[in-house]
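Notebook, opened with the chain on screen.

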Amino acid sequence: MNPDTEVESILRQEYEEDEEEEEKNKLKRPPSSYGSMKSDSDEMQEEEEEEKYVEEVEQEEEVAEACPSPCPVVLPQFTSQEATGLQMNRPDSPETLYTMTTQQTKLPGAVVIETSSTDLEDCSEADEVEDMDEVLLTHSPEPPEPVELDDPMQTDENSQPGRLHPEQDLSHIFKSIQDMVSGLTKEELFKFKMWFYQWESSITLQQVMEGDILDFVDRILEILGVDRSLLHTISTLDSIGKKEEAEELRNKCKRALIRYHLKQYLIRKHQVIREGVVRAGKQNLLDTIYVEPQISTCGYGGVDPSHEYRLHPPSPLQVPSSDTFVGVNNLFRLQKEDGTPVRTVVTTGIPGIGMSVSVGKFSLDWAELRANKDLQFVIKLSFRSFWLLRKKDPPQMMSITEVIEYYYPECKDMKFLEEDGCKFLVIMESFDCYQTSLDWEKAPVIDDNYTQAHPDVLIVNIIRGTVLRGARVWILGRRAAVSQIPSQFIDFVTEIQGFSDEMKDDYLKKRFSNAELTAKIIAHYKLLPTLSMLARQPFVCWMLATVFERCFRYHGYGAHPPRLTPFYVSILIVQTNRRLQFYYGKGENELKWSSEDKSLLTKMGKMAFKMLERNTSVFFEDDVKECGLKLTEEFMAALYVFTMFRTESKNVLDSGGLHMPKIFASKVQIKSAAGLVQCAVVRTVSSPLGHYDMFLRFLCGLLSPDCHDNQLSRYLYHHNEPKVGGLEVVQRLLEQTIQTAEENNRDRVENLKECLREMTQEDE
């Protein structure tokens, strides 16, 4: 005989014997709260406990006669065993609510004894006195009907975590699995359990075989959880040829299955945070390092990247008051002025402020049932997804239902999205990626989820509220992009303000397990006020962690304040690589910059330089929305000037109208590094508002071999290109300029010293 067949026959024989014995003893054993039958050993233990209890009562009567109590004690009247059914609660399970539910659904006068303790005598004396008069009743072996728990956190719509839909709740799934398995014959049930055991390694044969059907269902829910239990039950029914039962279970639990697939997508997407260029072994879990930025219902347009030595510094950084802040998980707990819940929330912010990460945290908390459980579904339909459909030739004409099924193949035939009671959220992030304007007035109206239309029309109707009527909609994008949405379609506008000082430090502490390194980085970046100001942006905080972690590996680093130029070069490299991934879908091994990428940076720098010369507000966001480099606008102008100097030997600062010292009389000398810096110094000193100060600082920093030869040579320049010469002359020029600066121009003197330090300091 085949060994497997022999083992199965032995198990089958034992299983059938157990079933026969179970049938004989059913009427002799009181049921548990789950409807399962107790073993003979449990019965004997219960009889012993009962005899012991009677003896104790008799002893108490003797003591009571000797020492009368001030309050009369009424002793229980015991009946025969058949009338002495005890409702036994198993130890609390993290996956089931049936113990709690049983407590609420016990019949009047029934006693519930908690057996999670090893001894029944653990019941308090107060409980004994209180329950003395209660009549012990036998209950039905059927599981209790699901009830809504009296939990204010679930019933209050304006609090967390909300309430699951009844068809997605544990009780519905328990009953559905029970109904399907109960319809199997003994032979089919045995085969089902054997298949289930073979495909699930985390459950033992004993756990599968022991007990009745309700025990089995309760046990798998406790061990595997709701989602895995449901999926394994369906797949096992398919495997044993019970196709109709499997399909019926799919239909009964369709909401739960779709929710499961959406949760798995969001967990895969956001569980690991992608920062910069992804490297193997360098991934971080979002929950581990996440610090929630300040999100306000009123905005000031972001962070002003001014520097610390400006003669007429701008007004102090404006941050909204704390009473305007709202948590990311509470955005859809907000209410409009008339008290009705919000439908459409727009969240904006400057580049690097943490919009994508906030979406990830919201999605992960929902997927792991930590918040917003009253949302039946969370569906991400980013503007990038719609843009891919629009770029097809011709543009893809689809209904919104087809779009959802296109990106989520498991979510087919979601007709319940049209139900009035179906509460779900659609997240539409990256509005900047939809690189065309939308016609809000003339776009045709669509009032159902099945009409095919152009992507432009679908987006307009989603935001109008005529498509996906029951949806809450969360739109994220930079202010220049989202400002085109008519105000009548928006209930709330929020702006991410970034990190407070405490949040910056908290983030860095979460990044590193080495407390000493963390303390060094925190102390180091605070030495530079400009850097401390910019660190309000989570992206800059990440750059702080990335750059300074490497820097502190070198012996002696940290003796001097950090330099801005190497820091900004790192931002440039990372942002450019992220642009290739974000907008063009480049893989990790495809991040080599093409000539077009380099040309784009040069053109950006040229535009920044021209705007700097005009003393205007540097970039307009519409002009550079692909790059996300508003943060580095002075820096880009300096990069353009330096690039033209190194690659084409041009001094674009030489306009011919500047007064130059005699040592720079010839064109050759003007085209030298010293000539380039001298032109920049003249512009800086002659600018009363100081808007060239940071430009000069970055230009001097780019002249440092650490920047132009080590950092940028892999991207903008070839490895074999010679280093910039004549830096000794530039150093003497800066030192002489500092010495001859006017005494009442201290802010310029301090900035010039920083320029010198940017070029000469060798600690990176």
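Which residue in β8 is the bridge partner of valine 378? I find that it is leucine 425.

I note that this is a predicted model, in which local features need pLDDT of at least 70 and side-chain atom pairs count only at pLDDT 80 or more, while totals for chains, interfaces and linings use all residues. Residues are numbered from 1 along each chain as its sequence is written, and side-chain values use heavy atoms, with hydrogens and water left out.

Entry on the sheet. I looked up the pairing of β7 with β8 (residues 424-428), which run parallel and are joined by four bridges; strands are DSSP runs of E of at least two residues, numbered from the N terminus, and two of them pair if DSSP finds at least two bridges between them. The open sheet holds six strands in the order β5-β10-β6-β9-β8-β7, with mixed pairing. β5 (294-296) and β7 (377-380) each have a single partner strand and stand at the edges, so one side of each is left without a neighbour in the sheet.

Entry on the loop residue. I located glutamate 200 in the loop between α7 (186-199) and α8 (205-209), helices being DSSP runs of H or I of at least four residues. Glutamate 200 is buried, with a relative accessible area of 4%, where buried means under 20% with a 1.4 Å probe and protein chains only. Its side chain makes a polar contact of 2.6 Å with that of arginine 228, the term standing for a pair of N or O atoms within 3.5 Å, one able to donate a hydrogen and the other to accept it.

How values were computed. Buried means under 20% relative accessible area, exposed over 50%, partly exposed in between (1.4 Å probe, protein chains only).
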